[in-house]
Amino acid sequence: MTVITPRPGIMDIELYQGGAAHVDGVSNVVKLSSNENPFGPSDAVKEAFRKVAFDLHRYPSTDHGALRAAIGEVHGVDPSRVVCGVGSDEIIAFLCQAYAGPGDEVIHTEHGFAMYRISTLANGGTPVEVPERGRVTDVDAILAACTDATRLVFIANPNNPTGTMIGEAEMARLADGLPPQALLVIDGAYAEYVEGYDGGAGLVDSRQNVVMTRTFSKLYGLGGLRVGWGYGPQHVVDVLNRVRGPFNLSTAALAAAEAAVRDTGWAEKCRNENNRLRHWLAEALAGHGVVSDTSLANFILARFADRAEADACDEYLKSQGLIVRKVAGYNLPHCLRITVGDEPSCRRVAHAVGQFMGDEE
């Protein structure tokens, strides 16, 4: 009897678990589990999405020229070196598909995004997990883990789910210390939340071994349309466009993303409100004895005494119609990741945590 099996590595992949959206038997649920922008996309984006309904019978652009031009204009990057994908996840997958096969190693940190490991295994590569230092990327540990087989190093900056980041000087030291056959990939999914941060674009422009990825799913509120982009040296972008499907982004996604990146006023408003509420939420949780590192993203990583306390708090929050994210799969079993929602949501979750900790009536 013929036994049909997948290639080695595939069955080592654990299915990705997205943030929950429902609680059985509970109405009026607030979802704080997926780091979504509570304010959604701007009115300009919604209007662009409505207008494109008249063109749904047409194939989308294959070169994403209008979106790449808008990204270049707003972010100050060379549009010819921008590649667009179905979320930044697809850019990560392209990089692994193009550069990491059997016998190749891909480095990520112990609390790094799950898709680094998944995409590596899917392409037959070997994921290498490197320890962090107090939930912060450790450049020296990464450099010590590099070998002649290292092809990619993935660093989320700010990191998900820790919310921490390292400075440009440390990232430059990492890029300069990598073996010559390796690429540094700076995942900037949360870069827009950091005032004045270019997400690694300057490092891309000054080196041939650095790639940056970004997404429209967070600050821009387009998680439901799945749009991301990468920026890299021309030799890398040329490779990624060879593995990218010609129609990987829909007409609607392209139109909405272009409108989103151009609406800089809405982006600034969302950033400012997130940063204000993030600070408030962190202080409120600390007042109940629940500490967190300084976050530079749109979530708080709340730390509890142990896994049992974190699990119990999660169950209590669900009973109150509040869904947060357990992160045991990210080697943080004693933590809960809490998205920064709008002000009523932040106040509601802070009050509920206080009730659980015995500080609130």
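Predicted model: local features only at pLDDT ≥ 70, side-chain atom pairs only at ≥ 80, totals over all residues.
Q: Is Phe356 buried, exposed or partly exposed?
A: Local features here need pLDDT of at least 70 and side-chain atom pairs 80 or more, totals for chains, interfaces and linings use all residues, and side-chain values use heavy atoms, without hydrogens and water. Buried means under 20% relative accessible area, exposed over 50%, and partly exposed lies in between (1.4 Å probe, protein chains only). At a relative accessible area of 24%, Phe356 is partly exposed.

Q: Which kind of aromatic pair do Phe216 and Tyr220 form: stacked, edge-to-face or tilted?
A: A search of the whole structure finds six aromatic pairs. Rings of Phe, Tyr and Trp (its six-membered ring) pair if their centres lie within 6.5 Å; planes under 30 degrees apart are stacked, over 60 edge-to-face, and the rest tilted. The centres of Phe216 and Tyr220 are 5.0 Å apart and their planes stand at 35°, so this pair is tilted.

Q: What is the relative accessible area of Tyr220?
A: Phe216 is buried, at 1%. Tyr220 is buried too, and its relative accessible area is 7%.

Q: How many residues apart in sequence are the parts that Tyr316 and Phe356 tie together?
A: These two rings form a tilted pair, 6.3 Å centre to centre with 35° between the planes. Helices (H or I, at least four residues) and strands (E, at least two) are DSSP runs, numbered from the N terminus. Tyr316 lies in helix α11 (residues 307-319) and Phe356 in helix α12 (residues 343-356), so the parts they tie together are separated in sequence by 40 residues.

Q: Which strands stand at the edges of the sheet?
A: Strands pair if DSSP finds at least two bridges between them. Seven strands form an open, mixed sheet in the order β2-β8-β7-β6-β5-β3-β4. Two of them have a single partner strand each, so one side of each lacks a neighbour in the sheet: β2 (82-85) and β4 (126-130).

Q: What angle does the direction of helix α6 make with that of β6?
A: Strand β6 (residues 183-187) pairs in the parallel sense with β7 (residues 210-215) over four bridges. Helix α6 (residues 168-177) packs on the sheet and touches β5 (150-156), β6 and β7, where contact means heavy atoms within 4.5 Å. Axes are lines fitted to C-alpha atoms, for helices over the stretch in contact, with angles from 0 to 180 degrees between N-to-C directions. For α6 and β6 the angle is about 155°.

Terms used
Residues numbered from 1 in each chain as written.
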